[in-house]
Amino acid sequence: MSVRVEGLTKTFGHLRAIDDLSVTFQSGKISVLLGASGCGKTTTLRCIAGLETPDGGEILIENEAVYASARGVDQPPEKRRLGMVFQSYAIWPHLTVAGNVSMPLQAHKVPKDEIARRVKETLAIVGLSDQAEKSAMKLSGGQQQRVSIARCLVGNPRLILMDEPLSNLDAKLRVEMRQEIRHLQERISATILFVTHDQEEAMSLGDEIFLFDKGRVVQKGPPEDLYFRPVVRYVAEFLGKANLFNVEIRPDKDGASVAALPSGEVITRGSIQGGATEREALCMVRPESWRVSGQGEAGLPALVREVMFVGDRRELRVDTPIGPQIVVTYGYQRFSVGDRLSLTVAPDLAHLFEGQA
Amino acid sequence: MSTETTAHVGPPQGEMPSLFKRSPSRSLRQAGWLTLACMVLAVFSLFPLIALVVRGFVETEGGRLILTFSAVKTVMSQSGYWFAAWNTVVVSIGSMILAAVIGVILAWCLVRTNVPFARLLEQLATMPIFIPPFIGAFAWVLIGAPRIGLFNLPAKGLGFGEPLDIYTYTGLIWTIGIYIAPYVMMIVASALRNMDPSLEEAAQVAGLSRVQTMFRITLPVVAPSILSGSVLAFVISIGLFGTPVLLGMTKEIYLVTARIYLELQQFPPSFGIVAVLAIYLMILSVIANLLQGWALRGRSFVTVTGKGFRPRIIQLAAGRYVVASIIWLYLLLTVIGPIIIIVAASVSTYTWSGKFTWNNIAFLWESQDVRSTLWNSLIITILAASATTVLGLIVSWITARTRMRGRQFLEHVVLLPMSVPSLAFALGVSFFWLWVPWSVYGTVWIIIIGLIGRYISYSVRSITSSLIQIHPELEESARISGFGWGSTMWRVTLPLVLPAIISSWVMVYSIFISELSMVLPLYTTSSRTLSILSFDTWAVGEFSLVASLSLLQLLLGVGVMWFVTHITKQRQIAAT
């Protein structure tokens, strides 16, 4: 019971939009397809929907092949029993709200009285019961978004596809709708594939994130895994801000110490992943992972160059012997340009990329 | 387990395996449809052009076709043909300049000044292009012809001689120019409207005066669209038939189209010479388009963003009424005056006798000729307009909505006849269908086929422009909802493009109902149309009858057009 993609390939002219992609999306979960524009996430979604014909590979929904190039299977979109929310909402302007929502049921020849009942129920779920007879174009952006979600839910689709559905909303509404989608999903335990380029949205919404680059999935897993334990540099830089620098790991009696290169200040010591072998590696420290202490303490000496106050946190740009770093601090400690500090990090928050020094 | 499930829920097409196994992919089936569409359109739009070119170099000799340059040689060696080509170029350039001047002034007055009722005036100012050239020219004959011109009569009585003579180069240029000016106006007006007003504001902040801003910023920015509009006017002008025949032939100023008409009157007509002359027209319009492309390279400043700018309106005090009177004067010269004069002529016993009669009007329902040609005109127009719109919708959808390979080819084929004058295209149609074994030639069908091929580009353009504004996701979401391709078209696409479909139908209808030059090479006695009847009536000099026939045509064309657009507008208002 899942959505499985096997060896999927799609090219547009010379561009490889999807490059031999094999991936499984779990049912009853929100899987977020994340990536920069042109990474193949939307094309993958559209191939699953049947709106785009792949060049080769297989797509299985609940073990039923909806596309399989080897066997010549290619179901048209209307046979795949899906729901989809589009970036533009795709509200049909010539129909009312109820007219829009009832279309999927009409397509499946559901009896009239049942259509009326289910449209009413679904509109109640999205909170639009009193707008049913309005022209869909008279609604606000957020309300249109709800209509489009209602239209997608009404046919009890086995899989829901969402293509950047929140990108046309303003920032506040976006956060609200994000929570609503989350609640909705928990209520009906739907399977949702959600495409976005917004990392914050991906992390707050996804049970699992699939980070795309150049038509492939670079890393998949729960948001925290991708954020704190990226497998490659690209993931670290795409999700949030990252300080990346080379380090030397030196085993000692407590585990190991990690020294920033080339100057050699020890930034952490304790039990380090693979701390028993002495080696060099690429290290990532998230800006908020830096522990800030006063000048003269052990750690990486830092000179504050820039202080940005962003309400709940302060963002510092500092100069260190290994180059500029970003530091984020929470709390009430004030900093000003020219302050001298020391930076250290907890051993489990210094993430090492093995073999990528 | 997975194989079991797959076998179980396998696609329902499994019942007709042979058909679908051979062409598993949807893109293959699409390719089939595309090929079919291409073939149909090639027959309508491409083959006539090929036939026309071939006909210029081929003669039948003893039942077989041979390659020959005799027609080309004849045309090249006789000064009369050179003179016709020269006349066409001179008259078209003259009309183009006149149309550009009028068009730019009108556009600027309508978009950039606070002239009263600008919206309404702009709609009215496009009216002249809906007056068939034959009728516009005829009205100006009644106004400015020597001896009978309404304007010349009082002047002559007062001893001023005859101030106007419409049967001259000036008369030709004037009459053509004023009627094609709206094309320039529409293009320039939309450029002025889409121009970012901050371009002008920046100039004024930088210290340029209003007049300087106009000449150094506004004009250069809209220059490409002035050029486009002028080339369009030029291309239309070289292909005109009614005006040059009515105004030029009396005093033997022959343009290429008039020459073609004369050659067709010969018995037996020399189709080779006719074809070569038609090729002249094609070459002229190709040259004009190439020159435009060359002049415009890298100069399209006005990007149509679809973002509505509020144009900067220049607030005139009393000047706004001066501007309004300029526009009203233009309308008086092109639409109001001519219609009044035609009405007056149709209720006179003979032109400007001053005696009133209903006879010419009564002729419209008493004459058997009017009845049969009206019937032909209506059949041809309604069938051709409907077919053009349906085909146009199909082509638009294929080019705008699919990624089929070869769809650009389809678009090119359709747009090709757009720059070919109607008369030339119609000749190509007649040549092509004469070679084809089916007997279409001589029936109303060949006229319908010709009109479709020549004008399908019009409906493709107007429907495409509406289709690309409809987000593809609207159709995709219908597919996801469970509708097949057909139901999606029926329930989503068609309702959304319906206004464009209706306006495209009305547009081609209004062209077809009074089309003269397309019909002229294609009709026979059994398939005469109203426009041919009034042309023949003009040829025998029954001007009062021509006037009443013109009224009927105006009523059928502009009248119906106004009626339909009015009704659909009412419906749209009611629906929202």
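Chain A and chain B bury about 2,800 Å² between them, 59% of it on carbon and sulfur atoms. Of the area that chain A buries against chain B, N63(A), E78(A) and W92(A) supply 20%, more than any other three residues. The model is a predicted one, and within it 40 residues of chain A are in contact with 28 residues of chain B.

The polar side of this interface can be described by pairs. Two salt bridges are found across the interface of chain A and chain B; R46(A) forms a salt bridge with E476(B), and the closest N and O atoms of that pair are 2.7 Å apart. The count of residue pairs in polar contact between the two chains, with both residues at pLDDT 80 or more, is six.

On the side of chain A that touches chain B, at least two residues each are supplied by α1 (41–49), β5 (64–68), β7 (82–85) and α2 (97–107) of chain A, and α2(A) gives the most, with four residues. The composition of that side by class is as follows.

| Class, side of chain A touching chain B | Count |
|---|---|
| nonpolar | 17 residues |
| polar | eleven residues |

Helices α5 (79–112) and α15 (319–346) of chain B each supply at least two residues of the patch, and its largest share, four residues, comes from α5(B), whereas V322(B) lies in helix α15 of chain B.

Key
Residues are numbered from 1 along each chain as its sequence is written. Chains are lettered from A and ligands numbered from 1 in the order in which they are written. This is a predicted model: local features need pLDDT of at least 70, side-chain atom pairs count only at pLDDT 80 or more; totals for chains, interfaces and linings use all residues. Side-chain values use heavy atoms; hydrogens and water are left out. Contact means heavy atoms within 4.5 Å. Buried area is the accessible area (1.4 Å probe) that two parts lose on being put together, summed over both. A salt bridge is a side-chain nitrogen of Lys or Arg within 4 Å of a carboxyl oxygen of Asp or Glu. A polar contact is a pair of N or O atoms within 3.5 Å; within protein, one must be able to donate a hydrogen and the other to accept it, and residues adjacent in sequence count only if both atoms are side-chain atoms. Ala, Val, Leu, Ile, Met, Phe, Trp, Tyr, Cys and Pro count as nonpolar, Asp, Glu, Lys and Arg as charged, and the others, Gly among them, as polar.
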